[in-house]
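These are my notebook entries on a structure that I am reading for the first time. I begin with the chain as a whole and then turn to single places.

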Amino acid sequence: MKAPQGMDAGPPHAATVVSRTQESPTIFTLQLRLNDAAAQAAYQFAPGQFNMLYLYGVGEVPISITSDPGDRNDIGHTIRALGRVTRGLSDLQPGDQVGLRGPFGRGWPLQEVGGCDLVLVTGGLGCAPVVSVIHYILKRRDRFGKLVIIQGVKHAEDLIWREQYERWAKLPDTQVLVAASEGAALWPWHVGRVTDLFGLAQFNPARAAAMMCGPEGMMRVAADSLLARGLPDSRLYLSMERNMQCAVGLCGHCQLGGSFVCRDGPVFSWGQVKDLLAHRGF
Ligand SMILES: Cc1cc2nc3c(=O)[nH]c(=O)nc-3n(C[C@H](O)[C@H](O)[C@H](O)COP(=O)(O)OP(=O)(O)OC[C@H]3O[C@@H](n4cnc5c(N)ncnc54)[C@H](O)[C@@H]3O)c2cc1C
Ligand code: FES
């Protein structure tokens, strides 16, 4: 998919926190709006792209855009409070200011996979870069075949957007498979590894595509399973994460083999990364 033009390598644009939602003990969602109304109205992104969020005086981090691509009012980011910047972002409240550059990178190839059954495989917060794909597909349901959503978490309490998974599971031609390695009371889904679920996915390999984001070990197992079922490797895509600084292909921090994740990714085809993924910790 051709990436919409981002706001380049210039200084961050000021944005206001419109709302903050606590999704789990460590994960929160910030809805942001650019202070410049014209820039907000012109802001467009493709599912799978990311922004650089700048916590003033602390630092800048890449964060996927989780909102519906059709929503021109707010720009959503779902974030795990992990280190210096993300913990600081977690303290922001409605009305607070943050810097934003983006959107950056290449998103999911949604034009190329029109008409296909789509298998979306995510682990942990890997669901963040994929949720805007789900919004995109559900708004254009007649353009795609079956939708299979597979999500794995370590503990049942780590599953965010639980009501959305329950709602999606009731939609026609939609299969939702969720696993938690550790279950909890009233956990309606599988207790065990997400890899246990790959064999249950219902799709026609001859006209299917898969999109994956999550721990690289999980993506390797998912790819092996889907390819063994006949999915062509030309229709298998992954979103990769690497530390970033410039986000525009200048600093080299996000190098992955001969590519830069910020500029050439974060979405890659299986063919582009399979040899690198074969080496743990590359
Ligand atoms: C394209 C892209 C999209 C991303 N989208 C999201 C998103 O939607 N939501 C989200 O919460 N995060 C996302 N991330 C990861 C996020 O950028 C990092 O968690 C963040 O940069 C950490 O910065 P920090 O200053 O808070 O932590 P730091 O102080 O830099 O690091 C704290 C600890 O976390 C570890 N760490 C740092 N980055 C990562 C990482 N990427 N994965 C695992 N461990 C890490 C460090 O090694 C260190 O131990 C994305 C990353 C990329 C490259
Ligand atoms: S973050 Fe600088 S080259 Fe990718």
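**Entry 1: the chain as a whole**

Accessible areas come from the Shrake-Rupley method with a 1.4 Å probe, and for residues only the protein chains shown count as cover.

I note that this is a predicted model, in which local features need pLDDT of at least 70 and side-chain atom pairs count only at pLDDT 80 or more, while totals for chains, interfaces and linings use all residues. Residues are numbered from 1 along each chain as its sequence is written, chains are lettered from A and ligands numbered from 1 in the order in which they are written, and side-chain values use heavy atoms, with hydrogens and water left out.

I looked up the secondary structure and found seven helices and 15 strands in the chain; helices (H or I, at least four residues) and strands (E, at least two) are DSSP runs, numbered from the N terminus. The radius of gyration is 18 Å, close to the 19 Å that the globule rule gives for 282 residues, so the chain is as compact as a globular protein of that length. This radius is taken over C-alpha atoms, and the rule is 2.2 Å times the number of residues to the power 0.38. The C-alpha trace spans about 50 × 45 × 40 Å along its principal axes.

Of the 282 residues, 51% are buried (under 20% relative accessible area; exposed is over 50%, partly exposed in between, with a 1.4 Å probe and protein chains only). I also looked at contacts (heavy atoms within 4.5 Å): among those between residues at least 6 apart in sequence, 70% join residues at least 24 apart.

**Entry 2: the cores**

I looked for nonpolar cores, which are sets of buried Ala, Val, Leu, Ile, Met, Phe, Trp, Tyr and Cys residues joined through side-chain atoms within 4.5 Å. The largest has 38 residues, and Val121, Ile150, Met212 and Leu226 have the most contacts inside it. Helix H5 (residues 216-228) gives the largest share of this core, five residues. Another core lies apart from it, with 36 residues that include Cys127, Ala156, Leu159 and Tyr237.

**Entry 3: helix H3**

Why is helix H3 largely enclosed by the rest of the structure? Nine of the twelve residues of H3 (residues 128-139) are buried, so the helix is largely enclosed. Among these buried residues are Pro129, Ser132 and Tyr136. Their cover includes strand E4 (59-64), strand E5 (75-80), E7, strand E8 (147-155), helix H4 (162-169) and strand E11 (208-213).

**Entry 4: two buried polar residues**

I looked up Asp117 in strand E7 (residues 117-123) and found that it is buried, with a relative accessible area of 2%. A polar atom of its side chain lies 2.9 Å from the backbone nitrogen of Asn204 (a polar contact is a pair of N or O atoms within 3.5 Å; within protein, one must be able to donate a hydrogen and the other to accept it, and residues adjacent in sequence count only if both atoms are side-chain atoms).

Gln40 lies in helix H1 (residues 37-42) and counts as buried at 6% relative accessibility. The side chain of Gln40 reaches the backbone oxygen of Asn73 at 3.2 Å.

**Entry 5: ligand 1**

I counted as surroundings the residues with a heavy atom within 4 Å. There are 19 around ligand 1, the closest being Pro62, Thr78, Arg80, Thr86 and Glu241. A polar backbone atom of Pro62 is 2.7 Å from an oxygen atom of ligand 1. A nitrogen atom of the ligand lies 3.1 Å from a polar side-chain atom of Ser64. A backbone N or O atom of Thr78 lies 2.9 Å from a nitrogen atom of ligand 1. Taken alone the ligand exposes 910 Å², and the protein buries 66% of that.

**Entry 6: backbone exceptions**

Most residues other than glycine have a negative phi, and most peptide bonds are trans. The peptide bond from Gly102 to Pro103 is cis, with omega near 0°, and Pro103 lies in strand E6 (residues 97-104). A cis bond also joins Gly265 and Pro266, with omega about 5°.

Is Trp161 buried or exposed? Trp161 is buried, with a relative accessible area of 11%, and has a positive phi near 60°. Leu186 has a positive phi of about 60° and is exposed, at 78% relative accessible area.
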